[in-house]
Amino acid sequence: MARTRIPTPHGPAFLHLYHNNKDNKEHLAVVIDPAQLEESFQTLNVPAIRSKSLDAEWNPNETIMERITRGAYVGKLSPNQQTASVPPSANPVSTQTRQEVPPALVRIHSECFTGETIGSMRCDCGEQLDEAIRQISQPTIRPSLDSTTSRPSIIPGRGVVVYLRQEGRGIGLLSKIRAYNLQDLGHDTVTANILLGHGADERRYDIAGAILRDLGFGEGANGEAIKLLTNNPDKVEALEKEGLKVVERVPMVPKSWTVHQQHDSVVIVQPGMEDGIAPGLVATHESASRVVHGPDLDKYLRTKVLRMGHMLPLLGQGA
Ligand SMILES: Nc1nc2c(ncn2[C@@H]2O[C@H](COP(=O)(O)OP(=O)(O)OP(=O)(O)O)[C@@H](O)[C@H]2O)c(=O)[nH]1
């Protein structure tokens, strides 16, 4: 595996690339965790989300430069900062420390070339990926427990997007393109898959479970619990079977259902420039610009709710 720092509009993220022995794909984890970047966050007792397999010594002759190149470093590399990490056993996080911290927010996301790369409005996958990174990066404000000070503590946003290379709910891009053509003939996404001889959903979550356990979630007494960002009941069930402790499901509400269908227009504004927007128009930030909408998306979402059991209230049905 390998890891590197990626600056994002919401702050730094650490991209982990995993190999595995179940398929020949490279699955990914995007870790959002200021604790491993800034030492000042360590004083908040926030445990770092570290990969056990990355921090482990791969061989006794490994050089500092080899460890740095594969990503086993702490902080931000620079010409003046070239230190590899110490093995994790040298820096344990106590159970008590973990209990003070809100559970990390986790999203299991499956690859969608059409939605993420070319902005297809047949689905909301690109929007969901952006939104997951945004939500995970949001800080939590915790009221002060000490009566002598009224200052609340701000816990930086922390969590993971596990990005699984399961294009088209596991049927692959070629079959998904064929399914799109059947959808244009009037079939929904489930029937189109079945007409092609596939299951409605062929995904698996054992690799996601292994990645999350590698990042310190769920395993043993010290394993941290998670909040899962999804409407898909299969994901909650599958991760629990994988030994993850899912303490809360956080719904993913499509932006088009909260914004576009209630208002005629949407204005994109720079953060901090909301003043002066005409009444009746909705101000939305640049970071939220990947909002998809339209009849194809509505049909896709309704099929998820009506045929795949996704937990999302349907518009206009009070469900
Ligand atoms: N077969 C098929 N797959 C699609 C279609 N549209 C999107 N997808 C795939 O559906 C998957 C979406 O997965 P996720 O983003 O993990 O979301 P989800 O499991 O539907 O549920 P949530 O976690 O609630 O968002 C991706 O693999 C997409 O490539 C389609 O029309 N047909």
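1. The shell around the ligand has 6 nonpolar, 11 polar and 7 charged residues. Here Ala, Val, Leu, Ile, Met, Phe, Trp, Tyr, Cys and Pro count as nonpolar, Asp, Glu, Lys and Arg as charged, and the others, Gly among them, as polar. Please keep in mind that this is a predicted model, in which local features need pLDDT of at least 70 and side-chain atom pairs count only at pLDDT 80 or more, while totals for chains, interfaces and linings use all residues. Residues are numbered from 1 along each chain as its sequence is written.

2. Which of the 24 residues around the ligand come nearest? They are Ser 110, Cys 112, Thr 230, Asn 231 and Asn 232. A residue is near a molecule if its C-beta atom, placed from the backbone, lies within 6 Å of it. Two or more shell residues come from each of β4 (104-110), α6 (125-137), α7 (173-184) and α8 (189-195). Helices (H or I, at least four residues) and strands (E, at least two) are DSSP runs, numbered from the N terminus.

3. Your chain has 12 helices and 11 strands, and buried residues make up 31% of its 319 residues. Buried means that 20 or more other C-beta atoms, placed from the backbone, lie within 10 Å of the residue's own.

4. The largest nonpolar core holds 48 residues, and Val 30, Val 31, Val 106, Val 160, Val 162, Ala 208 and Leu 212 have the most contacts inside it. Such a core is a set of buried Ala, Val, Leu, Ile, Met, Phe, Trp, Tyr and Cys residues joined through C-beta atoms within 7 Å. Elements giving two or more residues to this core include β3 (27-32), β7 (159-164) and α12 (295-308). Domain 1 (2-166 + 203-252) and domain 2 (257-319) both contribute residues, so this core lies between them. These bounds come from an automatic or database domain assignment.

5. Take a look at Val 106: beyond its neighbours within four places in sequence, its contacts include Gly 159, Val 160, Leu 212 and Ile 226. Two residues are in contact if their C-beta atoms, placed from the backbone, lie within 7 Å.

6. In α9 (206-214), the buried residues include Ile 207, Ala 208, Ile 211 and Leu 212. Among the elements covering the buried residues of α9 are β2, β4 and α10 (233-241). Just after α9, Gly 216 takes a positive phi of about 100°.

Notes
Buried ≥ 20, exposed ≤ 12 C-beta atoms within 10 Å, placed from the backbone.
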